[in-house]
Amino acid sequence: MPAKYGLPSDPDYSLRLAEFEARIGRGEKIEPGDWMPEEYRRQLIRMISQHAHSEVVGMLPEGAWINRAPTLKRKMILIAKVQDEAGHGQYLYHAAETLGVSREAMLEALLSGKAKYSSIFNYPTLTWADIGTIGWLVDGAAIKNQTMLAAGSYGPYSRAMVRICAEEAFHHKQGKEMVLFYARGSEKQRQMAQDAINRWWWPALMMMGPHDADSPNSEVLTRWGIKTKSNDTVRQEFINEHAPEILDAGLQVPDPDLHQDDKGNWVHGPINWDEFWQVVGGNGPMNKERLEARRKAHDEGAWVRSALETYAAKLQKATVAV
Amino acid sequence: MDTQWPRWEVFKQDTPAKPHQAVGSVHAADPQHALLTARNIFARRPQAISMWVVRAEDIFSWTKEELAENPPPEAAKQTEPLAYGFQPLTFCVFRKTSHKRSMTFVDYVGEVSASSPEDALKQAQQQFGDVEALAWWIVPTDRLAKSDPGSETVESWFAPATDKTYKQQQYYATIGSHVSKHKLGRETDDEE
């Protein structure tokens, strides 16, 4: 597939760019093999690969609790959820590959620490209540973002997002169900649920990224339909849904400034962006552990890859011999 | 060590009434590995009854744009005359006809017999030209690996996706205050 990635120095760039933007304006999807600006491709690879890495690293905080799940039902749910995250990573690596970057190169960037992934996964999961809270708040925030991305202009990315959203809806609901169950439970269970919400609320709000005024890529991403809503808009949707639900459950939102304005929007207090940039910069509570765990998993899986290759080579030889 | 492996395109058939559709790709060392990985990635939830895989390098593809700029060489170069025992090859033809929504795919439309991929494209354009194609994929039929159509395999591969209700969001639908109560409006894309 000879992909065509346009540079501003190309003689026909402005003509083709106009056609490309008109297609996006008509709501058409851009598909692999179609002409696209090199900058569109670059931004998509950056976003999709970060997103893929987030799914892969996202298995770690929850995977740590599989063998400590309190019941068989919760354990089966959690196993299915963690397996979903692995699948989501693969959907996304595939979507990025349609833009001419290899999965191996992306994985190497992750394992070497060069690539970024969502900072939320650099926080620790301290109690079982964190598992429900991650489903409800972290996946809840992810769905808001992913529903927005599902409407985006690049076909393979939007298809991956539609599939992922359908599965994330299960993650979100099982988490909400678990937290609400604890909220109605014993004093100790209520405390656990509240403690988990206290620790995850603010990192969840940071998941949508910096405020619109501080988001340098937003203009071009919006013009080319990669992002269809701004960070602050998506954050507001998340708060409007989750803040009243938490309050309804008899739990507290850990934000003394939280209030509803006259339009019905729930307005949050100041976000600690210093913390956000610290975690992005590699100084979060779990950055080092997460990367070490990924590298260990990769190294310990080497014998499986080697066995598969040996078997495939044998098959190949047998076919040639026939 | 190489962790890349060849890339395989995956075609999933949801129901007998639907065509096989290109849903994405996997990396695998051999055809069976590719089919199993495809099952684990693309049919953990959604309905499916059959899957095909083919190595990406065995797909000949043309977009409408590419065909407009570089028409394929006229009439296939038939290297051997029929009299000397030339056997035409069978090719599977896949076509994408819409870029309007996200959940549109390169769909299987049928088979043609041809002397080369270019010849197969020409025949595909004649036989399946009823709707304008935005992209054509031509695959030598013998390069496709298919999931076993036997009912036992179909059952064990694809039923768990829909049978395990705790993995479905509907299972949790009535818990707590319904989200719609708090929503100020939300856009959704077409669901699978």
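**Exercise 1.** Work out what percentage of the residues in chain B are buried.

*Solution.* Start with the chain length: chain B has 192 residues in this predicted model. Next, apply the cut-off, which is under 20% relative accessible area. Buried residues then come to 51% of chain B.

**Exercise 2.** Describe the fold of chain B by its helices and strands.

*Solution.* Count the elements: there are four helices and eight strands. Now walk along the sequence, and you get β-β-α-β-β-α-β-β-α-β-β-α. Finally, look at the contacts in chain B with a separation of 6 or more: 63% of them join residues 24 or more positions apart.

**Exercise 3.** Find out how much area chain B and chain A bury between them, and which kinds of contact link the two.

*Solution.* First, the residues: 53 from chain B are in contact with 61 from chain A. Second, the area: the two chains bury about 5300 Å² between them, 55% of it on carbon and sulfur atoms. Third, the polar links: 19 residue pairs are in polar contact, and the interface has six salt bridges.

Then ask what chain B brings to its side. β2 (21-27), α1 (31-42), β4 (60-63) and α2 (64-69) each supply at least two residues, and β2(B) gives the largest share, four residues. By type, the residues on that side split into 20 charged, 18 polar and 15 nonpolar.

Definitions and conventions. Residues are numbered from 1 along each chain as its sequence is written. Chains are lettered from A and ligands numbered from 1 in the order in which they are written. This is a predicted model: local features need pLDDT of at least 70, side-chain atom pairs count only at pLDDT 80 or more; totals for chains, interfaces and linings use all residues. Side-chain values use heavy atoms; hydrogens and water are left out. Contact means heavy atoms within 4.5 Å. Buried area is the accessible area (1.4 Å probe) that two parts lose on being put together, summed over both. A salt bridge is a side-chain nitrogen of Lys or Arg within 4 Å of a carboxyl oxygen of Asp or Glu. A polar contact is a pair of N or O atoms within 3.5 Å; within protein, one must be able to donate a hydrogen and the other to accept it, and residues adjacent in sequence count only if both atoms are side-chain atoms. Ala, Val, Leu, Ile, Met, Phe, Trp, Tyr, Cys and Pro count as nonpolar, Asp, Glu, Lys and Arg as charged, and the others, Gly among them, as polar. Buried means under 20% relative accessible area, exposed over 50%, partly exposed in between (1.4 Å probe, protein chains only).
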